[in-house]
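Keep the 3D view open as you read.

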Amino acid sequence: MTDAIETVFETVATTAADVRGALAERRAYADAENPSGEQQLAADVYADELLEERLLALDGVGSYASEERDGVVEADDAGQYHVACDPLDGSSNLQSNNGMGTIVGVFDESLPAPGSALVASGFVLYGPITTMLVARGGTVTEYLLDGEERSVLTEDVAIPDDPVVYGFGGRIPDWTDQFRSYVDDIEADRLKLRYGGAMVADVNQVITYGGIFGYPMLEERPEGKLRLQFEGHPIAHVIETAGGASSNGTQSLLDCDPDGLHERTPVFVGSESLVDRLESALS
Ligand code: F6P
């Protein structure tokens, strides 16, 4: 790792300990909405402010953007890397005490940036234990985060060949007919449904067991729900680096360029065979 990118993930790992420690007291709503019109929890705001302050203080970081704020925040000194974060992905799971995460994309172009400008990506999963996956240089490494300590759990993480799980967001009556028949088709392959309402937690099941996660285009909302820059790009980069595939329904998410920072997109990530079948079903 070059030092600058390593320090980004060191900072994310130590910040994760603070975020985790602060969750119990920050389950209430913060009387504010994020730029996508979703209500923010005190925990969303806290995680965003910590990440902004600490990442922008790093030498190599030139700017910070997140799902929780309108625009890009520039560092005082120009840095080579630009960091896009979803500070607390799936934070509505905090009410029910289920999994959540922090998603990070490191780009070498200013934001909004195309997927091709991603140089590293990763996510923290606040599950029964805290783990962090980092994709860079063609490999994915899984770490255990224990307080401020970080140790390697798995080198060269790879999605298993035989898919086992699937999970898709959105109300089934709102799915398109083509998508519904794709789901019927893969259910016939005896995959098991796993959907928990936090992308990071659901994606980590796909990486662990093989399968597919998606938040599709909906009849009244063809753009789906998830954000390309903050969720789609980094998660697609982790999955593709682990040997899987990603798609917006027609092409890899890493080939998609956002028109705006908060642009939404349908997202599908997982085992290559299932993503290929999805693209054929939707074409
Ligand atoms: O960021 C949005 C998010 O919380 C994702 O983590 C998750 O996959 C999705 O929304 C869940 O949406 P829904 O509540 O519609 O299932």
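Domain bounds here come from an automatic or database domain assignment. Domain 1 (2-154) and domain 2 (165-282) both give residues to the lining of the largest pocket, so that pocket sits between them. Bear in mind that this is a predicted model: local features need pLDDT of at least 70, side-chain atom pairs count only at pLDDT 80 or more, and totals for chains, interfaces and linings use all residues. Residues are numbered from 1 along each chain as its sequence is written, and side-chain values use heavy atoms, with hydrogens and water left out.

**The largest pocket**
- A pocket is an open set of points on a 1 Å grid over the protein atoms alone, where a 1.4 Å probe fits, with protein on both sides within 12 Å along at least five of seven lines; lining residues have an atom within 4 Å of a point.
- The largest pocket has a volume of about 450 Å³, a volume being the space filled by probe spheres set on the points, which are joined across faces, edges and corners.
- It has 28 lining residues, and the closest to its centre are Glu38, Gly90, Ser91, Ser92 and Lys225.

**The second largest pocket**
- This one holds about 200 Å³ of space.
- Its lining includes Arg20, Arg27, Tyr126 and Gly127.
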